[in-house]
Amino acid sequence: MLTATFSYFKHLLAYLFDFFSVKICITTLFAVWRRDTTTYTGPGFNIKAMFESMVLNLASIVVGFCVKMSTLMAYLVMTAIFSLLMSLYILVWALFPLVLVALVYFGLKYLLGNF
Amino acid sequence: MPTEISIRPSGTTIHKAVVLDKIFSNFIFRLIFFLIWVFGIGSIIAIGSHYFYHFDIRIVGLSLFWLAVFLVYLAFRKFFGSKLKKPHISLSEVRDLATAGKGVNLYALFSYDLASATEAIYSTKDPKGDSLLSLANAILNTTELNFILLRLGLGKEDLRNLITKNYNADGSTTSLVLHALDLAITANRKEISAVDIFWAFCDTDPFFQSILKSMKLVPADIANVVHWQSTLADKAEESEGVFNYRRFKMTGGIGRDWVFGYTNFLRMYSIDLTESIREYGLSLEVIAREKEIREVEEALLSQANGNVIMVGDAGIGKRTIILGFVKNLVTGNLHPSLGKRHIFQLDIESLLSGESDPGVLMDKVGRVFSETASAGNVILYIENIDNLFAGDTVGKANLSEVILPYLDSNEIHIVGSTDVAGYNNTILSNSGLAKRFVKITVREPDDKAMISVLEDTVPTIEYQTKAIISYEAIKAAIKAAGKYILNQPNPEKSIGLIDGAATKAVAARGETIILPADIESYIAEKFDLPTGDVAAKESEILLNLEQKMHALVIGQAMAVDSIANALRRARAKVTDTHKPIGSFLFLGPTGVGKTATAKALANVYFGGEAKMIRYDMSEYQNKDDIYRLIGSGTEQGNLTTAVRENPFSLLLFDEIEKAEPDILNLFLQILDEGIMTDGAGKKVSFANTIIIATSNAGSELIYQSIKDGVDFSLVSAKLTSYIIDQHLFRAELLNRFSAVIAFAPLSQAEIVQIAKLMIETLKKTIQETQGIEVTVDEAAVTRLSELGFDPEMGARPMERIIQEKLENLLADKILRKELKDGDKFQITLDMIK
């Protein structure tokens, strides 16, 4: 039972890693957003057009960075929550007899007053 | 067999589970468990709510106490389900121990359902208790067997009655259960179920085999149905359970497309199959297409030529292959470099419709391909891709010019599909295109794979029609589709048959089980065929065929006998071939009854002369006439089309000796294999036709022999060698006919009978159309037959004489109003001049 729970937890962590595309987000953190680039192709040397193109590409990189960073943050939060819940579950499972004793003890205590 | 092998409930955990379940299944315990559940949930709610509402502390105490009870109950249930109900040792380990002669208790491996049903047999101290008969009856009390019996079309109570009345095997069950263990291991099961016991009975026991035989099933069919059940159970298991990690699908996640370009324009004309399957799944299993899917994968990975074209008839499963490919992609079963690809199915019709200007059209197509290339993660799937390159369908736009440069790019991959004609005419004829595609030929699955394909498809049909499809019906559909439908590929044609039969049966009977008879009935209706077992009416026709034909044909007893024998062989399924039902070459002089015999056969066997399709072969004397029969790329053939539309018909080829010899070569394949390929490359089945060719060849020999007083049965035997010697027909053609039948010249007495037959027909017609009862006296009949007899022309002049002497007379009297409805009129000798 505990082995199955650990196995599920392991798969859950892998799933979260995949679901939030962690590998893609990290490897392309500073890449442009969805290949959305502008290239100045002339004619001639137009400094204004070149600057505009550079700004647009920079904006695309910033958008990509923001989206991917947010996703990575969400991944970390979700992983922390699930880790906590699973740890709690495993703890309850491991200490099941003690949990039962505690429930019975406090139950009777509250029910009957301070016996 | 080692004596240490036993089947004893005592001491096994599964037996403990059975006993506990017995105790806990009474009403009091059920009520207690129900209350534990209700108060358990209530206690959780109460504890949670206390934070907000601050109940009396005693309520909290009661809730905590009850929560402890609830948790103990849940733990016990879990223990009961996962520990007591399941064997703790693998089946193959036990098998190894048994083989090694070590002691094993097979009861410990039983499924819970089987253990419950057989507990009484194996607990009793009566030595007769453990018998094959008891076990056979016991497994019928399990629910595990329901699926198998339902699909085999076996009623549980019918089977129980059969077993109770006729099964008297009282031997020990140990060796049978051991065999069931082997079968369970082959089925990759974790316990021995009632299904395995039933399977073992069918595999080894003559009584069960005789039941299967009576249902035209073999033990291998049981294996197929067991496999069917296991597949469905696996599918269900995959989505069951709270902590089932098999539900997690590694898809690349929300950011899988963030490194690829936009596909907004492409999406206007296409469907993202990857997204669709990722979202909704693929309900069907892709069976027997692993090879083609691997070929598509390998071709797409190829650096030199990353485009694929699948070639096969419509309905053969080309789209299924692509869906299987996408499913593998979604589940991560493809090469990692293909993992982030999206398969877009491009809708060519919507892309090309509404634009007649070639420039705009080329721009549109160019934009789709340019966007596909810049996206970097798209594989285009294009059905009927030949339409994109065929000039006549897209105006004057030369789309090849637009698309060809993209086909060389590594950024774009195309998977196209087309049929053989489309590939040959459009792709292969353009070397630039052909070399850029890897061709994958898609073939029909074989019958064994077809069973699995249909088992997988059947749930969808059942959901739509509310019918249950039996395994036998699946087999019958595959067989019938192979025999009667040649112009469609499998699996489409078999699926169509099951779907049609289920719809028809449900319309007639409501929710029902589809059996082979339903498939046969649907086939019979669809193709106007007498399918299945020889029906009572047809059986009567076949047994009395000679008698019935003699009522319509005078003389020619030998010919009629040969035809009747051939037809009885075919319809009683003595021979199971795809050849025509019968094929005959009628030889004899003119007017001896060759055509009349063919008409009589069409009447008696097919129920009317309308089922006879007649070809005057003197009209097919040139080489080009072959295309009039079989069709060409643009025209339909009058033979192939007629047979496709009327597969159950009599084909009469008159004066076959006058046909072009190349046309006669066509007959070699028809007579030998029952199949012909038409001008468009599609197969036509002649399996349900009777073919009759007539010829005057050899008439001189027949006349001469009759003149010399030779016995006619000897003439008939000599005729074939005479015709070959005289080079009138080739030996290989003659040998392919079921029978070459010589027709004897008619005698004067036979002509009298023919005259009577014709007069009877005339009388019947006059009675029906004018209401006049006509009689012809004997002397007049004799006179008519004398006038109509010509040894050279046989009965042919008789028709003219009847017209001249009787029909003219009657017509005259009717027009003069001398005869009217309800009159009686006798024709005498003196009326015939």
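Let's start inside chain B. Strand 4 and strand 8 (residues 438-441) of chain B run parallel, joined by 4 bridges. Within that pairing, B:I309 has B:K439 of strand 8 as its bridge partner. Keep in mind that this is a predicted model.

Strand 4 of chain B has another neighbour. Strand 7, residues 413-418 of chain B, also runs parallel to strand 4, again with 4 bridges. Here B:V308 stands opposite B:V415 of strand 7. Now look at the side chains of strand 4, residues 308-311 of chain B. B:V308 and B:M310 point one way, B:I309 and B:V311 point the other way, and all are buried.

A step back, for the overall picture. Chain B has 833 residues, and 39% of them count as buried. Its secondary structure comes to 39 helices and 19 strands. Take the contacts in chain B between residues at least 6 apart in sequence: 76% of these join residues at least 24 apart.

Next, an open sheet. This one has 5 strands of chain B, in the order 12-13-16-11-17, and the pairing is parallel. Which strands stand at the edges? Strand 12 (612-616) and strand 17 (739-742) of chain B do. Each has a single partner strand, so one side of each is left without a neighbour in the sheet. On average, neighbouring strands of this sheet are turned by 20 degrees against each other, direction ignored.

One pair in that sheet deserves a look. Strand 11 (residues 582-587) and strand 16 (residues 690-695) of chain B pair in the parallel sense, over 6 bridges. B:L587 has B:S695 in strand 16 of chain B as its bridge partner. Then there is a helix on the sheet. Helix 30 of chain B, residues 594-606, packs there and touches strands 11, 12, 13 and 16 of chain B. Its direction makes about 175 degrees with that of strand 13 (650-654) of chain B.

B:Y620 sits in the loop between strand 12 and helix 31 (625-630) of chain B. Buried or exposed, this B:Y620? Buried: 23 other C-beta atoms lie within 10 Å, and the cut-off for buried is 20 or more. What does B:Y620 touch, leaving out residues up to four places away in sequence? The list is B:D625, B:R628, B:L629, B:A659, B:E660 and B:I663. B:E660 is 40 residues from B:Y620 along the chain, yet their C-alpha atoms are separated by 6.3 Å.

Over to helix 14 of chain B, residues 273-280. Three names here: B:L273, B:T274 and B:R278 are buried. They cover an arc of only 130 degrees around the axis, so they lie on the same side of helix 14 of chain B. On the other side of this helix, B:E279 and B:Y280 are exposed. What do the buried residues of helix 14 pack against? Strand 3 (270-272), helix 16 (318-330), strand 5 (342-346) and strand 6 (378-382), all in chain B. After helix 14 of chain B comes B:G281, with a positive phi, near 75 degrees.

Last stop, the contact between chains. In chain B, 28 residues are in contact with 27 residues of chain A. Which element of chain B gives the most to that side? Helix 3 of chain B, residues 57-84, with 11 residues. By class, the side of chain B that touches chain A has 18 nonpolar, 8 polar and 2 charged residues.

Notes. Residues numbered from 1 in each chain as written. Chains lettered and ligands numbered in written order. Predicted model: local features only at pLDDT ≥ 70, side-chain atom pairs only at ≥ 80, totals over all residues. Pairing = 2+ DSSP bridges. Helix = DSSP H or I, 4+ residues; strand = E, 2+ residues; numbered from the N terminus. Axes fitted to C-alpha atoms, helices over the stretch in contact; angles between N-to-C directions. Contact = placed C-beta atoms within 7 Å. Buried ≥ 20, exposed ≤ 12 C-beta atoms within 10 Å, placed from the backbone. Arc of directions from axis to C-beta. Nonpolar A, V, L, I, M, F, W, Y, C, P; charged D, E, K, R; others polar.
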